[in-house]
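Below is a short note for a colleague who is opening this entry for the first time. The points are numbered so that each can be checked against the display.

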Amino acid sequence: MGNLEEVRVALTQEQVREALKQVKFPGLSRDIVSFGFVKGISVSGGEVQVEISFASANPEAGPRIEADARRAVEALPGVTKVEVQLSVQAPQEAIPRRRLLAGVKLKVAVASGKGGVGKSTVAANLALALQQQGLTVGLLDADIYGPSQQMMMGASEPPRVTAEGRVLPVEVAGIRVMSLGFLMDPDTPVIWRGPMVMKAIQQFLEDVEWGELDCLVVDLPPGTGDAQLTLTQQVPLDGAVIVTTPQDVALIDARKGLNMFRKVNVPVLGVVENMSVFVCPACGHRSEIFKKDGGRRTAEQLEAPFLGAVPIDPEIVVASDAGVPIVLSRPDSQAARAFQEIAQAVLRQLGSGRS
Ligand SMILES: Nc1ncnc2c1ncn2[C@@H]1O[C@H](COP(=O)(O)OP(=O)(O)OP(=O)(O)O)[C@@H](O)[C@H]1O
Ligand SMILES: [Mg+2]
């Protein structure tokens, strides 16, 4: 009878893998299979062995995942015994954070709670403004959903790879630019990119030869989901700049962004309000299209420093599309001057102000 039952249910590795997809990593919406934490599955009759290995500083993650995995597999028909081999490493062992970006003094992320607020524009112009303050600067486009720095910075050449397998950033206007866009097949559907790139990104970060940099500006993907959280944990950041727009609704998203960084202990350097006022290019009249001083109020409400406001300027769009950001193309414009002030404010917040 027992034999018959075994034949009928003929448990497969694939069924076990499917079952393990129900096991979420504590605190995240992704499962342990898509993270690549399930290293092995063996099935012998009704006996299942599962090998799980990952890095986490959370002491509860191991026992939780072990229990959840056991429960998920035991629920499969025909399973008689489940053995979970669990290995949890301390994060330092898995991610050599100190080695990662070792030659880079300051790592600053530019983030936003929602898309389209001008995060990439701020990242590119901030990088250039910092360079004009005399710093050696790199710009990493880590926006896996829509990398745009290749276009904004006019980095048309792909990076070169040395014989030793080191990836050399593309040098544009004295800035070392690297984009995850160089890694990705543009035909890959966006939903696949998260899991794929998360695995590749650490390797990628290790392989890039940034050299000595005073500051690396990181353009993060918009939002506060798992991809953003993973990135903020993988890149050892010194601080984050949150970009927002002057509408009340933007406050909610900005707060989400802020909380994400607080959760991972990355200091929030402050809030930049983008697209604040419209200054008529013909007569210089300032139209408050949205609310006045929204950014300053947002910063107050979020208890974060206010770094500056960038006006709406059609030249910004022209400049970005042409691959020459406004700090370079129109250095005397109000917007360019705003970016210079923001760069100074960022340096002050980082405690390395150069007056
Ligand atoms: N201050 C501004 N004035 C006028 N246009 C702007 C301003 N800031 C950004 N833009 C334009 O708005 C669009 C969105 O900007 P950007 O790509 O920087 O946003 P983003 O937050 O990075 O978007 P995504 O979430 O898609 O990555 C671009 O066309 C950009 O040129
Ligand atoms: Mg962007």
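Predicted model: local features only at pLDDT ≥ 70, side-chain atom pairs only at ≥ 80, totals over all residues.

1. Asn-265 sits in the loop that links α9 (248-263) to β12 (268-279). Its phi is positive, about 60°, although the residue is not a glycine. Most residues other than glycine have a negative phi.

2. Ala-173 also has a positive phi, about 50°, and is not a glycine. Its place is the loop between β8 (170-172) and β9 (175-179). Is Ala-173 buried, exposed or partly exposed? Ala-173 is partly exposed, because 18 other C-beta atoms fall within 10 Å, and partly exposed covers the range between 12 or fewer (exposed) and 20 or more (buried).

3. For the overall picture, the protein contains 13 helices and 14 strands. It has 355 residues, and 41% of them are buried. Of the contacts between residues at least 6 apart in sequence, 74% join residues at least 24 apart.

4. One helix pair deserves a look: α5 (residues 119-132) and α13 (residues 334-349). Their axes come within 8 Å and cross at roughly 75°. The two helices are therefore roughly perpendicular to each other, since angles of 65 to 115 degrees are classed that way. On the α5 side the contact is made by Asn-125, Leu-126, Ala-129 and Leu-130. On the α13 side it is made by Phe-339, Gln-340, Ile-342, Ala-343 and Val-346. By class, this contact of α5 with α13 has 7 nonpolar and 2 polar residues, and no charged ones.

5. Which residues are closest to ligand 1? They are Gly-115, Gly-118, Lys-119, Ser-120 and Thr-121, out of 20 residues that surround the ligand. The elements that give two or more residues to this shell are α5, β12, β14 (306-312) and α11 (314-322).

6. What is the make-up of the shell around ligand 1 by class? The shell divides into 10 polar, 7 nonpolar and 3 charged residues. For comparison, the contact of α5 with α13 has no charged residues.

How values were computed:
Residues numbered from 1 in each chain as written. Chains lettered and ligands numbered in written order. Helix = DSSP H or I, 4+ residues; strand = E, 2+ residues; numbered from the N terminus. Contact = placed C-beta atoms within 7 Å. Axes fitted to C-alpha atoms, helices over the stretch in contact; angles between N-to-C directions. Parallel < 35°, antiparallel > 145°, perpendicular 65-115°, else oblique. Nonpolar A, V, L, I, M, F, W, Y, C, P; charged D, E, K, R; others polar. Near = placed C-beta within 6 Å.
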